[in-house]
Amino acid sequence: MNVIYEKNCQSNICCYFCYSNNNKMKQHEIIICMGSSCFARGNKATLAKIKEYIAKHKIEDKVLFKGNRCFDKCGKGPNLMIDEKMFHQVNAENVETILDQFFSIFRIY
Ligand code: FES
């Protein structure tokens, strides 16, 4: 898996600072890029996987899942953003691992 983290984060591991800041949020936000480049390279299948994941873990009330037109990072896509953290090269095969790693920190299910 080749996932690159960015946006105010110096490491690939969520630290206490991230945890405490993000934990103040009532609802986690997942935004999938529905721009033509990301969509054509697999975000349609990734979208379905995320919907399955949310239903499987019964976290509908804790997650706001929505689409975005383009993050202007098409070359790094397909892209996904979770609580303002951008993930690149996301696909239907690695998205569950990304969600598991992200949400296990918050123990929301
Ligand atoms: S289409 Fe996804 S970042 Fe541009």
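Colleague: Glad to go through this one with you. Of the contacts in the chain with a separation of 6 or more, what percentage comes from residues 24 or more positions apart?

Modeller: Two residues are in contact if their C-beta atoms, placed from the backbone, lie within 7 Å. Among the contacts in the chain with a separation of 6 or more, residues 24 or more positions apart account for 71%.

Colleague: And from which number are the residues counted?

Modeller: First, a note on the model: it is predicted, so local features need pLDDT of at least 70 and side-chain atom pairs count only at pLDDT 80 or more, while totals for chains, interfaces and linings use all residues. Along each chain, as its sequence is written, the residue numbering starts from 1.

Colleague: In what order do the elements run from the N terminus on?

Modeller: Helices (H or I, at least four residues) and strands (E, at least two) are DSSP runs, numbered from the N terminus. The chain has three helices and four strands. From the N terminus on, they run α-β-α-β-β-β-α.

Colleague: What is the strand order in the open sheet?

Modeller: Strands pair here if DSSP finds at least two bridges between them. The open sheet holds four strands with mixed pairing, in the order E2-E1-E3-E4.

Colleague: Which are its edge strands?

Modeller: An edge strand pairs on one side only. That picks out E2 (63-68) and E4 (85-87).

Colleague: Do E1 and E2 run parallel or antiparallel?

Modeller: In general, strands of a sheet pair through backbone hydrogen bonds in either of two directions. Isoleucine 30 has phenylalanine 65 in E2 as its bridge partner. Six bridges join E1 to E2, and the direction is parallel.

Colleague: Which residue in E3 stands opposite isoleucine 30?

Modeller: E1 and E3 are joined by three bridges and run antiparallel. There, the residue opposite isoleucine 30 is isoleucine 82.

Colleague: At about what angle does helix H2 run to E1?

Modeller: Axes are lines fitted to C-alpha atoms, for helices over the stretch in contact, and angles run from 0 to 180 degrees between N-to-C directions. Helix H2 (residues 36-56) lies across E1 (28-33), E2 and E3. The angle between H2 and E1 is about 150°.

Colleague: Is the β-α-β unit of E1, H2 and E2 right-handed or left-handed?

Modeller: A crossover is right-handed if, with the strands pointing away from the viewer, the path from the first strand over the helix to the second runs clockwise. The unit made by E1, H2 and E2 is right-handed.

Colleague: Which residues touch the most other members of the largest nonpolar core?

Modeller: A residue is buried if 20 or more other C-beta atoms lie within 10 Å of its own, exposed if 12 or fewer, and partly exposed in between, with C-beta atoms placed from the backbone. A nonpolar core is a set of buried Ala, Val, Leu, Ile, Met, Phe, Trp, Tyr and Cys residues joined through C-beta atoms within 7 Å. Of the 15 residues in the largest core, those touching the most other members are Ile32, Leu80 and Phe87.

Colleague: Leaving out residues up to four places away in sequence, what does isoleucine 32 touch?

Modeller: Isoleucine 32 belongs to the largest core. With those neighbours in sequence left out, isoleucine 32 touches Asn43, Thr46, Leu47, Ile50, Gly67 and Leu80.

Colleague: How many other C-beta atoms lie within 10 Å of lysine 58?

Modeller: Lysine 58 lies in the loop between H2 and E2. Its phi is near 50°, a positive value in a residue other than glycine. Lysine 58 is exposed because the number of other C-beta atoms within 10 Å is 9.

Colleague: Finally, which residue does a cis peptide bond join to glycine 77?

Modeller: The omega of this bond is about 0°.
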